[in-house]
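Colleague: Please walk me through the labels on this model. I want the value and the cut-off each time.

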Amino acid sequence: MESYTVAKGDALWHPIAEESILVHPHIVNNVDAWGSGFAMDISEKWPEPEQKYHQAHPMTLGDTQLVKVENNRYVFNMCAQNETIHTNGMPIDLRALDRCLVKLEVEAASLQRGKVRSLEVHAPKFGADRAIGDWIAIEKLTRLRLCQPDSGVTWTYIYEETKHK
């Protein structure tokens with residue numbers, strides 16, 4: 001049975017069960033420009049994901065980074081945006097996003113291996129705001145990769161997630 005829910009609130013402050021592992025995936029670009037939307041919310045709470053992103057450049061589309069930010073919380077940087085909206089009118093790259101989600105699927109399985117903990121994914125509508133992507137297509141990819149029966153992953157899309165518009 002697919003485990004996909006929609007909740008209202010702040011994706012970074014949404015409560016999780018103590019025994020759970022939580023991953024916050026979001027989209028980054030390939031031009032070393034971090035600084036708007038959900039990324040800013042992440043930076044205000046944890047500086048490590050932004051630092052790791054800058055250290056990894058140049059990144060290519062499809063690259064990912066799993067960054068541990070707390071004992072049972074991770075941020076998953078997904079390079080699926082070609083440039084920025086200022087230089088590319090539609091920067092989202094769905095093929096790169098699919099490659100990133102496959103990698104997130106592998107990371108999720110690795111985090112769960114040998115543990116009885118559940119894995120939760122809390123995220124906004126990544127790729128549908130700054131990257132000008134089609135949320136219906138992005139959501140379809142997300143469900144395909146992360147919401148398979150018996151995957152052990154609980155996906156929660158959280159809206160009204162960012163104060164940095």
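The talk below takes the labels one by one.

Modeller: This is a predicted model, where local features need pLDDT of at least 70, side-chain atom pairs count only at pLDDT 80 or more, and totals for chains, interfaces and linings use all residues. Residues are numbered from 1 along each chain as its sequence is written, and side-chain values use heavy atoms, with hydrogens and water left out.

Colleague: What makes the pair of Trp-34 and Tyr-53 tilted?

Modeller: Rings of Phe, Tyr and Trp (its six-membered ring) pair if their centres lie within 6.5 Å; planes under 30 degrees apart are stacked, over 60 edge-to-face, the rest tilted. The centres of Trp-34 and Tyr-53 are 5.2 Å apart and the planes stand at 50 degrees, so the pair is tilted.

Colleague: Which parts does the pair of Trp-34 and Tyr-53 tie together?

Modeller: Trp-34 lies in the loop between strand E2 (21-29) and helix H1 (38-45), and Tyr-53 in helix H2 (residues 48-55), so the pair ties together parts 19 residues apart in sequence. Helices (H or I, at least four residues) and strands (E, at least two) are DSSP runs, numbered from the N terminus. Both Trp-34 and Tyr-53 are buried (under 20% relative accessible area; exposed is over 50%, partly exposed in between; 1.4 Å probe, protein chains only).

Colleague: How many aromatic pairs does the structure hold?

Modeller: Two. Phe-126 and Trp-135 form an edge-to-face pair, with 6.2 Å centre to centre and 85 degrees between the planes. Phe-126 is buried, and so is Trp-135.

Colleague: How do you know that the charged end of Lys-45 sits over the ring of Trp-13?

Modeller: A charge sits over a ring if NZ of Lys or CZ of Arg is within 6 Å of the ring centre and within 35 degrees of the ring normal. The charged end of Lys-45 is 3.4 Å from the centre of the Trp-13 ring.

Colleague: Why is Ile-85 called partly exposed?

Modeller: Its relative accessible area is 37%, so Ile-85 is partly exposed. Ile-85 is found in the loop between strand E4 (73-81) and helix H3 (94-112). The same label goes to Lys-68, at 48%, which has its place in strand E3 (residues 64-70).

Colleague: What makes a nonpolar core?

Modeller: A nonpolar core is a set of buried Ala, Val, Leu, Ile, Met, Phe, Trp, Tyr and Cys residues joined through side-chain atoms within 4.5 Å. The largest one here has 26 residues; Met-78, Leu-97, Leu-101, Phe-126 and Trp-155 have the most contacts inside it. Elements that give two or more residues to this core are E2, E4, H3, strand E5 (119-123) and helix H4 (135-146). H3 gives the most, with seven residues.

Colleague: What is noted about the backbone at Asp-32 and Glu-83?

Modeller: Most residues other than glycine have a negative phi, and most peptide bonds are trans. Asp-32 is not a glycine, yet has a positive phi of about 60 degrees. Asp-32 lies in the loop between E2 and H1 and is partly exposed at 34% relative accessible area. Glu-83, also not a glycine, has a positive phi of about 70 degrees. The place of Glu-83 is in the loop between E4 and H3, and at 29% relative accessibility Glu-83 counts as partly exposed.

Colleague: Which residues does a cis peptide bond join?

Modeller: His-57 and Pro-58, with omega about 10 degrees. Pro-58 lies in the loop between H2 and E3.
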